[in-house]
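Open the model in your viewer and keep the selection tool ready. We will go from stop to stop, with a word on what to pick next.

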Amino acid sequence: MSVHDDLTSVQRNLDDLLRSVGRLEQQLGSGGGLEMRRVRADADHLRESVALLREAAPGLTPPRRPDLVTISDAPYDISLWTDSDDEGLGARDRHAP
């Protein structure tokens, strides 16, 4: 299983847990007291933790594309090529052997 599949499975199970906690809260009402509030807080904490884990998991976020560099269509300054050699032909004022 991939990390994505595992996190999806964890999220699905967590959703089931949160639904069950909600039903339990309805059944117990105010009689659940501190213990029920603690279970609700723990379930909410798990939901936040899974969300953070999903953000930090490698491969789940699309790779960042490098910034594009715009190249002008204007011709280059001819002085850039002064005293340069033509590849394979040598300098302009000399003959190839």
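Which side chains meet in a salt bridge at 2.2 Å, N to O? Select Asp16 and Arg19: their side chains form that salt bridge (a side-chain nitrogen of Lys or Arg within 4 Å of a carboxyl oxygen of Asp or Glu). Because they are three residues apart in helix H1, about one helical turn separates Asp16 from Arg19. Asp16 is partly exposed at 37% relative accessible area, and Arg19 is partly exposed at 47% (buried is under 20%, exposed over 50%, partly exposed in between, with a 1.4 Å probe and protein chains only).

A note before moving on: this is a predicted model, in which local features need pLDDT of at least 70 and side-chain atom pairs count only at pLDDT 80 or more, while totals for chains, interfaces and linings use all residues. Residues are numbered from 1 along each chain as its sequence is written, and side-chain values use heavy atoms, leaving out hydrogens and water.

Now colour by secondary structure. The chain has two helices and zero strands (DSSP runs numbered from the N terminus: helices are H or I with at least four residues, strands E with at least two).

Next, select Glu25 and Arg40. They form a salt bridge whose closest N and O atoms are 2.9 Å apart. This pair links distant parts of the chain, with Arg40 in helix H2 and Glu25 in helix H1, 15 residues apart.

Then look for the largest nonpolar core: Leu14, Leu18, Val21, Met36, Ala43 and Val50 (buried Ala, Val, Leu, Ile, Met, Phe, Trp, Tyr and Cys residues joined through side-chain atoms within 4.5 Å). Helix H1 (3-28) and helix H2 (33-56) each give two or more residues to this core. Centre on Ala43, which touches Leu14, Leu18 and Val21, leaving aside residues up to four places away in sequence (contact means heavy atoms within 4.5 Å).

For the last stop, select Val69, Ile71, Tyr76, Ile78, Leu80 and Trp81, a nonpolar patch on the surface. Together these residues have about 770 Å² of accessible area (Shrake-Rupley method, 1.4 Å probe, only the protein chains shown counting as cover for residues). Pick out Tyr76, in the segment after H2; Tyr76 counts as exposed, at 60% relative accessibility. Patch residues have over 30% relative accessible area and no salt bridge, with like charges joined within 9 Å and nonpolar side chains (Val, Leu, Ile, Met, Phe, Trp, Tyr) within 5 Å.
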